[in-house]
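Here's a quick tour of a protein model, meant to be read with the structure open beside you. We'll look at helix packing, then aromatic rings, then a couple of loop residues.

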Amino acid sequence: SFPPKESTIGILSKAVTNLEKQQHPSKLTEGPEYDTFSYLAASSSYLYKLVFSNLWLLSGLVSSILAKDYKTDAVQRTTTAVTIMKAGIKENVMPSKAEAIVNHRIHPTSNLEEVLE
């Protein structure tokens with residue numbers, strides 16, 4: 001057989017990599033997490049109270065800290081998770097198609113149109 005320069009698996013892999021590299025923007029100051037942090041300020045220690053009470057000024061810093069861990073980053077933005085990939089069925093046959101299932105967990109202030117852009 002003569003494999004093509006780009007296989008269906010290679011093309012799909014590049015598309016998936018592009019999806020994972022391009023994060024959706026932070027919505028920290030627009031969504032319910034902003035109100036949650038503001039509410040927590042009253043019962044927080046001094047440092048957290050200072051930060052949470054001044055999110056209008058420190059939201060960039062808080063967003064950067066949240067972005068360092070995927071579990072906390074998901075609070076502030078739409079996330080993308082590739083959950084299933086399907087392609088070949090035999091080890092010596094080039095697959096004619098490849099597909100991926102992508103799960104977008106949409107932030108409360110976003111919508112489907114924004115995700116599809």
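**Helices that cross**

H2 and H4 sit roughly perpendicular to each other. Keep in mind as you look around that this is a predicted model.

- The angle between H2 and helix H4 (residues 55-67) is about 110°, and their axes are 12 Å apart.
- On the H2 side, the contact is made by Tyr34, Phe37 and Ser38. H4 brings Leu55, Trp56, Val62 and Leu66 to the contact.
- Sort the residues of this H2–H4 contact by type and you get six nonpolar, one polar and no charged.

**Aromatic rings**

- How many aromatic pairs does the structure hold? There are two.
- Phe37 and Phe52 make a stacked pair, because their ring planes are at 20° and planes under 30 degrees apart count as stacked. The centres of these two rings are 4.9 Å apart.
- This pair ties together distant parts of the chain: Phe37 is in helix H2 and Phe52 is in helix H3 (residues 46-53), 15 residues apart.
- Are Phe37 and Phe52 buried or exposed? Both are buried.
- Tyr48 and Phe52 also form an aromatic pair, this one tilted, with 5.7 Å centre to centre and 35° between the planes.
- Tyr48 and Phe52 are separated by about one helical turn, because they are four residues apart in helix H3.
- Tyr48 has 48% relative accessibility, so it counts as partly exposed, whereas Phe52 is buried at 12%.
- Put together, Phe37, Tyr48 and Phe52 form one aromatic cluster.

**Two buried loop residues**

- Gln76 is in the loop between helix H5 (70-73) and strand E1 (79-86). With a relative accessible area of 0%, Gln76 is buried.
- Leaving aside neighbours within four places in sequence, Gln76 is in contact with several residues, among them Pro25, Lys27, Leu66 and His107.
- Lys27 belongs to the loop between helix H1 (8-21) and helix H2 (32-41). Its relative accessibility is 9%, so Lys27 counts as buried.
- Not counting residues up to four places away in sequence, Lys27 touches Glu33, Gln76, His107, Thr109, Ser110 and Glu114.

- Ile11 lies in helix H1, and at 45% relative accessibility it counts as partly exposed.
- From Ile11 to Trp56 is 45 residues in sequence and 42 Å in space, C-alpha to C-alpha.

Conventions. Residues numbered from 1 in each chain as written. Predicted model: local features only at pLDDT ≥ 70, side-chain atom pairs only at ≥ 80, totals over all residues. Heavy atoms only, no water. Buried < 20%, exposed > 50% of the residue type's maximum accessible area, 1.4 Å probe, protein only. Contact = heavy atoms within 4.5 Å. Axes fitted to C-alpha atoms, helices over the stretch in contact; angles between N-to-C directions. Parallel < 35°, antiparallel > 145°, perpendicular 65-115°, else oblique. Nonpolar A, V, L, I, M, F, W, Y, C, P; charged D, E, K, R; others polar. Phe/Tyr/Trp six-rings, centres within 6.5 Å; stacked < 30°, edge-to-face > 60°.
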